[in-house]
Structures are given as structure tokens and as C-alpha cells.
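Welcome! Here is a short tour for anyone meeting this structure for the first time. Please keep the model open while you read.

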Amino acid sequence: MKPWSNDEERLLRYFNYVEKTIRNIVIKASDGLRDKIEKIIDNAKRYYEDAKHYMNLRDYPTSYVCIAYCEGLLDALKLLNLVEVVER
């Protein structure tokens, strides 16, 4: 994979990964945890939207923080085996 030529290109690659994850995420946990997991996924989506907003403002550091936090929330759910990403 070639190196990124600029911040926007790098962020767009993160965005593509996160979009794919959000689109294909399936909750595996019991009903008791479902609401909490949905809230975490909703927060991740909000951080994703914030990241796009800040990139459009060319505030790249803030955009990186938002997309990294979003990815961290999604990764935590995967590592805890509460969700899975199903290729469609």
C-alpha cells in the first residue's frame, strides 16, 4: 500500500473502513445488553459524522481524534465479542 499523500486521503481511508464496519455490524449480545450496545454504536456514528465535519473544515487533528475514537468504540465491541462485522 502506498503512503498517504495528504491528511484528507488518509482520513478518507479511515472513513471507508468505518463506513464498512458500521454498515455491516451485527449485535450478538443478549437483549439485556442490546440497548447499551446500540447507544455505543450511535455514539460511534456521531463521532464519525464529527470527523467528516472537521475534515471539511480542514481541522485535521480534530478529525483524526474523532475518527480514532469512533474506531476504538467499534473495536472494543468487537473485542468483547458483543458484535460482529458480517461481509455483505
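## Overall layout

How many helices and strands make up the secondary structure of the chain? The chain has three helices and two strands, and their order along the sequence is α-β-α-α-β. Here helices (H or I, at least four residues) and strands (E, at least two) are DSSP runs, numbered from the N terminus.

A word on the source: this is a predicted model, in which local features need pLDDT of at least 70 and side-chain atom pairs count only at pLDDT 80 or more, while totals for chains, interfaces and linings use all residues. Residues are numbered from 1 along each chain as its sequence is written, and side-chain values use heavy atoms, with hydrogens and water left out.

## Dimensions, surface and charge

The C-alpha trace spans about 45 × 25 × 20 Å along its principal axes. Of the 88 residues in the chain, 31% are buried; buried means under 20% relative accessible area, exposed over 50%, and partly exposed in between (1.4 Å probe, protein chains only).

Among contacts (heavy atoms within 4.5 Å) between residues at least 6 apart in sequence, 71% join residues at least 24 apart. As for charge, the chain has 15 positive and 15 negative charges, and their mean positions are 3 Å apart. Lys and Arg count as positive, Asp and Glu as negative, and His and the chain ends are not counted; each charge is placed at NZ of Lys, CZ of Arg, CG of Asp or CD of Glu.

## Two aromatic pairs

The whole structure holds two aromatic pairs. Rings of Phe, Tyr and Trp (its six-membered ring) pair if their centres lie within 6.5 Å; planes under 30 degrees apart count as stacked, over 60 as edge-to-face and the rest as tilted. Phe 15 and Tyr 48 have ring centres 5.7 Å apart and planes at 90°, so this pair is edge-to-face. Because Phe 15 belongs to helix H1 (residues 7-23) and Tyr 48 to helix H2 (residues 31-56), the pair ties together parts 33 residues apart in sequence. Both Phe 15 and Tyr 48 are buried.

In the pair of Tyr 47 and Tyr 69, the ring centres are 4.6 Å apart and the planes stand at 55°, so the pair is tilted. Tyr 47 is in helix H2 and Tyr 69 in helix H3 (residues 60-79), 22 residues apart. Tyr 47 is partly exposed at 30% relative accessibility, and Tyr 69 is partly exposed at 46%.

## A look at Met 55

Met 55 lies in helix H2 and counts as buried, with 9% relative accessibility. Beyond its neighbours within four places in sequence, Met 55 is in contact with Glu 8, Leu 11, Leu 12, Phe 15, Tyr 60 and Ser 63.
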